[in-house]
Amino acid sequence: MKIGIVACTDGGRKLGRRIAGQLPGSSLLEAESSIRAALKLAWHSCDAVVCIMASGIVVRTLAPLMQDKRSDPAVLVLDEQGKHVISLLSGHLGGANALARQIAAITGGSAVITTASDTLGLVALDLWAAQQHLRCDSNQVLTKASAKLVNNGSLALYSETAIEELPPGLIAVDCEAEADLLVSHRNISTDKPLLHPANLVVGIGCNRNTPLEEFEEALAELFRDAVFSPLAIRNLASIDVKNDEEGLLLFARKNGWPITFFSRRQINTVTGVSISKAAVKAVGAIGVAEPTALLSAQTSTLLTRKKKWQNITMAVAQAPFSLSAQVRDPLNT
């Protein structure tokens with residue numbers, strides 16, 4: 001994490017040097033032209049901006065630059081004695097809350113945290129979801145659930161994945177109808193907040209020079225028929241002779257999905273899959289879509305057998321996935 005410290009007085013710069021000496025990844029930025037210019041530079045170049053100055057200049061300077069809590073850097077404001085370390089922006093996802101506590105420990109001051117979940121001792125739902133690799137259709141899903149968590153003090157959670165442990169405020173229930181929050185790889189029709197675990201692996205076989213559009217159409221049809229959400233895709237998988245297949249690589253890159261490749265020797269060790277005469281003849285493997293999905297997911301569970309199109313085969317495996325209570329310090333992830 002790159003942390004830029006900006007100060008506007010001699011006392012502030014002295015404190016900034018002290019913090020930089022004890023906080024890994026931090027440095028005191030020199031205001032070569034003006035404080036406002038230094039703040040803007042830090043905003044665009046750092047993961048967190050520590051401002052040792054009045055909060056007014058920080059708010060007026062940075063407000064026009066703010067876009068989204070998922071992309072804005074963390075912003076903190078300190079007085080020049082370090083008595084009050086205020087988490088001003090991006091408290092959860094950006095790590096400002098955790099950073100405020102860390103800096104307060106250095107200065108001997110108090111971290112000022114105003115996010116409701118923290119002050120009530122409840123889980124930061126957005127941070128927990130991100131670190132559990134849970135995805136949703138829009139930010140409004142988590143905003144709605146977080147508001148209910150704060151207002152009620154708890155949320156009933158129904159999960160189709162295993163649960164090891166849940167963080168403060170989340171309570172597991174066995175019935176979907178009783179839940180305030182759902183976790184499923186399925187594209188459930190519901191008015192309740194729905195999170196998708198990244199636990200689906202799509203195995204893919206294809207003919208040479210298959211265009212991107214055919215991969216997109218095949219996946220859309222497969223997931224529509226199976227009622228799966230693409231947000232639950234963890235990665236793609238295929239045979240290593242396809243590691244230069246332009247359409248396949250573009251399909252993975254466009255959607256931000258990693259893709260793993262396996263040799264025919266690895267594929268031919270897999271049992272319980274449909275034997276493909278075409279694949280045996282073409283690449284010397286018993287198949288591609290089903291066995292690579294199983295190998296990558298490290299499971300024996302196929303959610304869908306291979307489906308064939310003119311140039312593509314696809315199959316979906318379910319990787320092991322469980323929910324835990326862990327919300328790691330975003331400064332150390």
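Predicted model: local features only at pLDDT ≥ 70, side-chain atom pairs only at ≥ 80, totals over all residues.
View 1. Helices (H or I, at least four residues) and strands (E, at least two) are DSSP runs, numbered from the N terminus. Helix 11 is the top contributor here, giving 5 residues to the lining of the largest pocket. Residue numbers start from 1 along each chain as its sequence is written. Local features need pLDDT of at least 70 and side-chain atom pairs pLDDT 80 or more, while totals for chains, interfaces and linings use all residues.

**View 2. The centre of the largest pocket.** Look for Asn207, Ser276, Ala278, Ala279 and Thr313, which lie nearest the centre among 24 lining residues. A pocket is an open set of points on a 1 Å grid over the protein atoms alone, where a 1.4 Å probe fits, with protein on both sides within 12 Å along at least five of seven lines; lining residues have an atom within 4 Å of a point. The volume is about 430 Å³, taken as the space filled by probe spheres set on the points, which are joined across faces, edges and corners. The lining comprises 11 nonpolar, 8 polar and 5 charged residues; nonpolar means Ala, Val, Leu, Ile, Met, Phe, Trp, Tyr, Cys and Pro, charged means Asp, Glu, Lys and Arg, and the others, Gly among them, are polar.

**View 3. The second largest pocket, with about 280 Å³ of space.** Arg70, Ala130, Leu134, Cys136 and Leu142 are the closest to its centre, out of 14 lining residues. Helix 6 (125-131) is one of the elements supplying at least two residues, and helix 6 gives the most, with 3.

Note on methods: Heavy atoms only, no water.
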